[in-house]
Amino acid sequence: MSEESESASQLAGAVHNEVSTGSGGVIAQSGSVFGGIHFHAGDRGFTDDLRVLAAQLARAVRVQWLGEEEKRRIRDPLPLTVRFKAARLELSDYWSNVLGVSADDVEPLALVGPVAEFAEIYRSVPSGRMVVLGRGGAGKTVLVLQFVLALLGRWSDNSPVPVVLNIGSWNPVTTSLREWIEAQLARDYVGIVRPGRGKVSAVSLLVADGHILPIFDGFDEIAAHHRKQALRLLSECNLPMVLTSRTEEYAVAVHDLHVLSRAAAVELIDISPNDLRSYLPLTRRRSSESSSWECVLDQLERRPLDPACSNLATVLSTPLMVSLARDIYGEGTHLDPAVLLNQRQFNSTQALEDHLLDAFISGLYARPQETTGRRRRHALRWDPVLVQQWCVHLAERLEHHGTRDFIWWTLAQGAPRRGSSVLLGILGAAVGHLLCATDVQIHVRAVFGLVLAVGFSIWLYLGLSGGLPTALVFGIAGGMALGLPAGLLTGLLGVLGGLLVDRRTGLPQPVVVRLGVRRNFRRAAGGLTSVAVTGVVTGLATGVLSGFTIGAGAGLFAGVAIGMGTALAAFVNQPADTAHAVDPYSAFRADRSSVLLIGSFGGFLFGVSLGMSGGMSIGFIALSGISFAAVGVVALGLGSAWGEFCLARGWFGLRGELPWRLLTFLRDAHDRGLFRQAGAAYQLRHARLQDRLASSSTIRT
């Protein structure tokens, strides 16, 4: 090679320009060009898939928040007028940073108006970053709700999807912001947990490509000693965002630290007496038996210095307390709002607020709930006293775990697990011994005990089950292979293994039956591999233990049965569609269906193979298939989110701390407006309500 060609080759290797595009255009390269020129077509199809996924997510979010708007009675009888203004200068970044211009060209935006116009003001902020401040109950969540619906009302393919995330659950010390965002999206909208490009998931690409507008609700709910670190990481993140917080907590966080970079800040204003007069009287009919809201508001206007009037006016200056007063003393009730002016009963603003919070639950359940269709046929009348006790327990539980979100598959965190594992190990050993106590030779029992243990070990390796079924299944395997005494020991060893599995994997997540190998090829391939491995191991073991009197074919058949069950689980356990992932109850039903289908099918195959390999009669084969189908459902159910939830629900139901029909209760409470839904989680209507419930074990009605 000549000197010229060598240097040209080195230069060609040192400079590498790559253009990837999905559309035509002109590409220019200045300077000398050495070597070949390669053009690669862009991944246009994948980009289109992301847009379709974003559109599905936008529809799901819009449906979710339209339902929340209806359940929170935002427009009943009409929206309460809530206004905002520009926050103090020390709480907002410099206008030159917000607008992206030099200090000489700054023209500050007018950050003032009703919350209905917040979306238009946000669109005028070039950085796409804003902070919404206000005291507790000032209407921050209502602003966010209307903001999301306003953006989605004019959403297009090129617009980001606004998604509300409760930032109070973020630990900035252990988790990066983007990782936390992706985890929250995966939890609330499980349909976007699908393969992306290479090893990057689709949810990561949605965030990275700007398809998501995160709305971080509740900055003040982050642990106080983590807020400055959280604010620093939020400032370093280049994503557009909206952050809500109580004013005082945000002011403390920005003290001695820069505010959220490139963000304009607004603060919600107290409700004026005129706004009250144009709203509250419309929520209650005039009656000769009780005072109207006009009479109460007249008293507030005529006697502003009276302590009772002054306290009530202060309390009714926030949307939260106005909405509670509307629900308690509004249409359909016979309570007199004039009682709120009783100075002896309510001698402070705190006493008035506590009264409204305490009376809210009993007021909701004192009147019948309007339902239609199947919901009407299955409607239940809940005892208000019991409802209050259940809500107290839920609030205390949420406070203990430092969160506002109740997610049904995490209920098992508070239920005992070690005792359940021991009982299941003993039960499994007894069941395994009884299943093979008669008519089946010892070497056949030993072989199929081995098959069950090997097959279930593969399930554990693939992450298809958890710790509780480990005790049950290994107890059955020991009982089959070794008899009852040794089977008990095997079951207890399964207990230890199960507890180790639980510590390693944590609580199981809900899945849904959905066919499609391409969506999860790795787990499907693992299932197919287990067919061959289990079959070969079982065939060899059968031949050795039986002296080849039964033959390796029967063992191979049993192994294939285990492998087919594993493969089936890998094939059909898939995330749900994005558009249907916002209902916690649908995730519950989907996980239950998955357990029933896979557990019964795999167990039936194993039971039939056991009977056929032992040369049993048709009746025994059928009985074996049915018995192991039940065992399969129990074993898989105990390792599923549905099974863990059912055990925990039974535990708390026996103690009277939660209703037996917990999800039915939560759905009904959500319809009434006691709970709100945030993705896959339920939240009490307001943080103030949760704090009030958690602070006392007895609620005054």
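**Close-up views of a predicted model**

**View 1. F216 and its neighbours in the nonpolar core.** Leaving aside residues up to four places away in sequence, F216 touches L165, I167, L177, W180, I181, L234, M241, V242, L243 and T244 (contact means heavy atoms within 4.5 Å). The largest nonpolar core has 147 residues, and F216, F219, L234, Y250 and L674 touch the most other members. Such a core is a set of buried Ala, Val, Leu, Ile, Met, Phe, Trp, Tyr and Cys residues joined through side-chain atoms within 4.5 Å. Buried here means under 20% relative accessible area, exposed over 50%, and partly exposed in between, with a 1.4 Å probe and protein chains only. This is a predicted model, in which local features need pLDDT of at least 70 and side-chain atom pairs count only at pLDDT 80 or more, while totals for chains, interfaces and linings use all residues. Residues are numbered from 1 along each chain as its sequence is written, and side-chain values use heavy atoms, with hydrogens and water left out.

**View 2. The buried face of helix 8.** Helices (H or I, at least four residues) and strands (E, at least two) are DSSP runs, numbered from the N terminus. In helix 8, R227, A230, L231, L234 and S235 are buried. Seen down the helix axis, these residues fall within an arc of 135°, so they line one face of helix 8; the arc is that of the directions from the axis to the C-beta atoms. Their cover includes strand 5, helix 6 (177-188), strand 7 (212-217), strand 8 and helix 9.

View 3. Which residues of helix 9 (residues 247-254) are buried? They are T247, Y250, A253 and V254. Viewed down the axis of helix 9, they fall within an arc of 130° and so line one face. On the other side of helix 9, E248 and V252 are exposed. Strand 5 (129-134), helix 8 (227-236), strand 8 (241-246) and strand 9 (264-268) are among the elements covering the buried residues. After helix 9 comes D256, with a positive phi near 65°.

**View 4. Salt bridges across the sequence.** The structure holds 26 salt bridges (a side-chain nitrogen of Lys or Arg within 4 Å of a carboxyl oxygen of Asp or Glu). In one of them, K71 pairs with D671, their closest N and O atoms being 3.8 Å apart. K71 lies in helix 2 and D671 in helix 26, so this pair ties together parts that are 600 residues apart in sequence.

View 5. D327 and R685 meet in a salt bridge at 2.9 Å, N to O. Both are buried, D327 with a relative accessible area of 4% and R685 with 13%. R73, D76, R326, D327 and R685 are linked in a network of salt bridges.
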